[in-house]
Amino acid sequence: MMAGRGGSETDAAGGPARHLPVLLDEVLEHLAPRDGGVYVDGTFGAGGYTRAILGAAACRVIAIDRDPNAIRDGQALVEESGGRLSLVHERFSELAEVATAVGEPLVDGVVLDIGVSSMQIDEGERGFSFRRDGPLDMRMSSEGPSAADLVAKLSETDLANVIYRFGEERRSRAVARAIVEARGREPIERTLQLADIVAKVVRAKPHEPHPATRTFQALRIAVNDELGELARALEGAERILRPGGRLVVVTFHSLEDRIVKNFLANRAKVATGSRHMPAVQGAAPSFTLVARGAVEPGEGELARNPRARSAKLRAAERTGAPAHASGDLSSLLPPLPVLDTHRRR
């Protein structure tokens, strides 16, 4: 689901609210901010979590976002914080390096809210929305190839692989074929142009998600390397969390949640054995699970914010064991498409 961080609601004046943090109470409960603590908000967005953390304790927050618009709009909160907020323009996969650079090599908590924010979805010019017309961009920042570049340059096979692996779209081959046929007639450069192409291939009933949901999700993930960013951020959080520090992650679709679930299961795993087979020697657990399974929104939140419907929260507490050696992240990631066509071009 392309639900993203937070959601929209009407404000007091009757217009759309900019952002509504998802699972906010649950995030604070599991992060447990305390006076004197230092916390990293790796996905600042509109600052909903950061503002709540600053209000919950006399603590410091290091907030990170790769979107320059979020950094710009967050300056007012920086000024309000009285020196307790550092807002840094960077990818959240670099959170360990950012924390060290601002003088906090060890922190008491890390929160990550994975996905595209409601503000980005609602602004058609950002190119994330299949309901609002805009340039087919989808980049969180202005760096690297856009979604239009992928749509224009990837082979039909590569497109199908991206849409299937990252969007879990069952009709990925038909969608890729339709895109290749359409781009042969004219360039595909607008969001509604692509959404219309997909809607002619993928049928959806009125109560079901938009037919282009999974295709747009797939392109967004590929453009921003979202799954790789998440895996690297989890390892970074493990390195900088002090014993007793909390890691809280909110995800919005199964690919992200699976990565978080597998990472925490691996890091919390205790070597076991029996009287017939001694325990296998391995790295000591670096986390203990705080939330058993995923925490999901309650009915009240879903009524206020339908975009929260796919959100899941997982949380764990850092032990005193050393961080596990940084290994091959492929063990956390799903099988990834090889985009040789795009790299050659």
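# Close-up views of a predicted model

**View 1. Strands β5 and β7 lie side by side.** Strand β5 (residues 241-251) and strand β7 pair in the antiparallel sense over 6 bridges, where two strands pair if DSSP finds at least two bridges between them. Helices (H or I, at least four residues) and strands (E, at least two) are DSSP runs, numbered from the N terminus. This is a predicted model, in which local features need pLDDT of at least 70 and side-chain atom pairs count only at pLDDT 80 or more, while totals for chains, interfaces and linings use all residues. Residues are numbered from 1 along each chain as its sequence is written, and side-chain values use heavy atoms, with hydrogens and water left out. Along this pairing, Leu 247 stands opposite Ala 316 of β7, and Thr 251 has Lys 312 of β7 as its bridge partner. Of the 7 residues in β7 (residues 312-318), 5 are buried, meaning under 20% relative accessible area, with exposed over 50% and partly exposed in between (1.4 Å probe, protein chains only). Strand β5 is likewise mostly covered, with 8 of its 11 residues buried.

View 2. Strand β6 (residues 287-289) runs antiparallel to β7 and is joined to it by 3 bridges. Here Leu 289 stands opposite Ala 316 of β7, and Thr 288 has Glu 317 of β7 as its bridge partner. Strands β4 and β5, by contrast, run parallel and are joined by 6 bridges, with Gly 109 bridging to Arg 246 in β5. Strands of a sheet pair through backbone hydrogen bonds, either parallel or antiparallel.

View 3. Buried residues of α9 include Ser 172, Val 175, Ile 179 and Ala 182. The buried residues of this helix pack against α7 (147-153), α8 (156-167), α10 (191-199) and α11 (213-224), with contact meaning heavy atoms within 4.5 Å. In α8 sits Val 162, which is buried, with a relative accessible area of 0%. Val 162 and Ser 172 are 10 residues apart in sequence and 8.4 Å apart in space, C-alpha to C-alpha.

**View 4. Helices α10 and α11 cross.** Their axes come within 9 Å and cross at roughly 130°. The helices α10 and α11 are therefore oblique to each other, because angles under 35 degrees count as roughly parallel, over 145 as roughly antiparallel, 65 to 115 as roughly perpendicular and the rest as oblique. Where they meet, Thr 191, Leu 194, Ala 195 and Val 198 of α10 face Thr 215, Phe 216 and Leu 219 of α11.

**View 5. The whole chain and its confidence.** The protein chain holds 15 helices and 7 strands, and buried residues make up 53% of its 345 residues. The chain averages a pLDDT of 86, and 82% of the residues score at least 70, pLDDT being the predictor's confidence in each residue, from 0 to 100. Over residues 1-18 the pLDDT stays under 50, and the model has 69 contacts beyond four places in sequence for this stretch.

Technical notes. Axes are lines fitted to C-alpha atoms, for helices over the stretch in contact, and angles run from 0 to 180 degrees between N-to-C directions.
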